[in-house]
Amino acid sequence: MISSGDTSLGLPTSASTGHGNDRLRVRDWVSSFIGGNRQRSSRPAQDTDENPQVSDDDGPSITANAFPPAPAPAWWKIKLFRGIVNDIRRRAPYYVSDWTDAWDYRVVPATVYMYFANIFPALAFSLDMFHKTNMQFGVNEVLLSSVLGAVVFSVLACQPLVIVGVTGPISVFNYTVYDIMSPTGVNYLAFMCWIGLWSMLFHWVLAITNSCNWLRYVTRFPCDIFGFYVAFIYLQKGIQVLEALGDNEPFYLSIVVSLLVFVVAYICGELGSSALFTHPVRVFSKDYGTPLTIIFFTAFVHFGKMSRVDLETLPTGTSFIPTVESRGWFIHFWDIQVADVFLAIPFAILLTILFWFDHNVSSLIAQGTEFPLKKPAGFHWDLFLLGTTTGIAGLLGLPFPNGLIPQAPFHTESLCVTTVVSDPDERSPSKGHYQYRPTRVVEQRVSNLAQGLLTLGTMSPPLLVCLHLIPQGVLAGLFFVMGIQALQANGITAKLLFLLRDSSLTPANHPLKSIERRAAIWLFVAIELVGFGATFAITQTVAAVGFPVFILALIPVRALVLPRWLAPTELAVLDGPTASPFTMESCGGSYGGGSTDNSDRGQVEGVSTGVSGSGALMTETDKRKSEEDLAEMGELGRPMDGGTTTTMRRRSSVVAEGGNREGIIEMQRMRARKGQSSRSEG
């Protein structure tokens, strides 16, 4: 049982905020960044059945909610470097096994699969930036940026399963900055370099001050909206690639080729999760269907009369040389006015906001609740590394790399060892159905490093010539494939399909059917669509550079606004934590989700059931309380009035909370009767 006033993970709950419901106040939500809540009332608790008093003969009475938490330290007493140090300390014992565990058959297909899953979207984005930044960013810059991210994060990161490369949002950011600054005549690459250097500094500050503790508030709600936005960016890019080809024969042939690429690649992906053919055939189709489709249709356009059509292909440059050959790999960042150096700061802040959310969400999804991971995560240290790669990319004139969405879970999924599980219940509606359930994940660093080195090899002359043969229509089809697959796996799409489905044909065990108010589902989806619409709309204007602010604003909307409109049990079904409590130990716990069977019981017995998604923590991580959480609240080894340390106080609190409510009340009554008997004998 976890007390409603327990703030051991630093999040305010209903009891600590003084409200009778699960809403959070703004000051409580902000104060949780440094952990814990201040006690705002010194009024003693009343002796009622809801808050029973337990007293000993030799001491004062105590409440069943155990001892109140100690006041949290002021914001300026944040333990600097605490998150980074603990991340490294937790992950360092596994570093050797991260390399030795790579001797597994899943590593080879995962490496090949992620090489193609990373490189082809990167090439598509390079085409977009090539045209919209006047060739400042091309194929070589994008490939080298992917190599930089892969090598650094595979060797040094606490979360080596996260694939780092060039994403859709950063391509939007890059050409929007170009549209804003090019009329001023500024040196674009030097200006982008200063954006990277300032952003590196901001990343380091956020990592040192343990800002990733705020990730506890990142639930499926903002992740689904951001994933929905990225999916539509892919679809939009595919259309824009075709639109730029004109209206003659190359245009129409490119449309046909793009649609064929989409259909064939999509069928290959669906075949992998079907019951057709044997298991090896399905796995091969799922892992290699998309790259083989791209290779086939690159050659397909040279068959018959199609060879006479002059199709636009992917523009490439000289191997290992920048696209604009007149410049070197090192940017002359001093070739810029002093005023422009400081003008880069607002852009760097927006870039930092984008990367803080985008990369951390990629890390959360790559270590989602569906994957049985055994090795600890480390968000603070990885954010520090991301700042480092951002600064290096700026100095080299590369697009800034960060965690990939929607490719984030692909790497982890490709490393899963699965088993077939069927429903044995004869009366179950899913009788005869089966699913593949992951039993373990091959957690190692080799596959990420290997795909990065393969990407570096792609910059060699033979492979660069092959890349130049890829028609732009094929890349447009690839955009369509990624966009549709991302939409298909998105939570917003799943809720929309549920609402549009015939209720009489919906399985009785569907999670959303447990929500009595259908209007609650409509409201939740409507809010998600409004958030997506606002984010997507601003990217269509010159203010697109500010879209990270809209994305970041989704976090307080979930924490502060939704609990006012939706019941705790409804939010517990509609939303939930992105990653498991084990993964979230690096940032102090998970916000949202949990048991929906009995919300009251969930609040009383939070250890075993979790709590509702309305605004309280999943408290399973209390069992494995790290020193970081206690230190962030200033409670590690701090003596109490009676001479015992806080650690001992928390242990005694858990013991006091171990019984159920009825047992505590009965104990109080027995002690009261014992006291009356002693007084009568006296």
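This is a predicted model: local features need pLDDT of at least 70, side-chain atom pairs count only at pLDDT 80 or more; totals for chains, interfaces and linings use all residues.
I placed Val151 in helix H6, which runs over residues 139–156.

**Asp382**

I moved to helix H13, residues 379–396, where Asp382 sits. I noted that Asp382 is buried and has no salt bridge. How far away is the nearest side chain of opposite charge? I got 7.4 Å, and the residue is Arg445. The cut-off for a salt bridge is 4 Å, between a side-chain nitrogen of Lys or Arg and a carboxyl oxygen of Asp or Glu. I then listed what Asp382 touches, leaving out residues up to four places away in sequence. The list holds Phe153, Ala157, Cys158, Gln159 and His359.

**Val205**

I looked up Val205 in helix H8, which spans residues 188–208. Buried or exposed, or in between? I log Val205 as partly exposed, because its relative accessibility is 43%. I also checked Val205 against Gly387, which is 182 residues away along the chain. Their C-alpha atoms are separated by 9.5 Å.

**Helix H5**

I took helix H5 next, residues 107–132, with 26 residues. From first C-alpha to last I read 37 Å. That is close to the 38 Å expected at 1.5 Å a residue. How many of the residues of H5 are buried? I have 21 of 26, so I record H5 as mostly covered, with buried meaning under 20% relative accessible area. I looked past the end of H5 and found Asn134, which has a positive phi, near 55°.

**Whole chain**

I closed with the totals. The chain has 682 residues, and 55% of them count as buried. I logged 26 helices and eight strands. For contacts with a separation of 6 or more, I asked what share joins residues 24 or more positions apart. The share is 79%.

Methods:
Residues are numbered from 1 along each chain as its sequence is written. Side-chain values use heavy atoms; hydrogens and water are left out. Helices (H or I, at least four residues) and strands (E, at least two) are DSSP runs, numbered from the N terminus. Buried means under 20% relative accessible area, exposed over 50%, partly exposed in between (1.4 Å probe, protein chains only). Lys and Arg count as positive and Asp and Glu as negative; His and the chain ends are not counted. Contact means heavy atoms within 4.5 Å. The expected span of a helix is 1.5 Å times one less than its number of residues.
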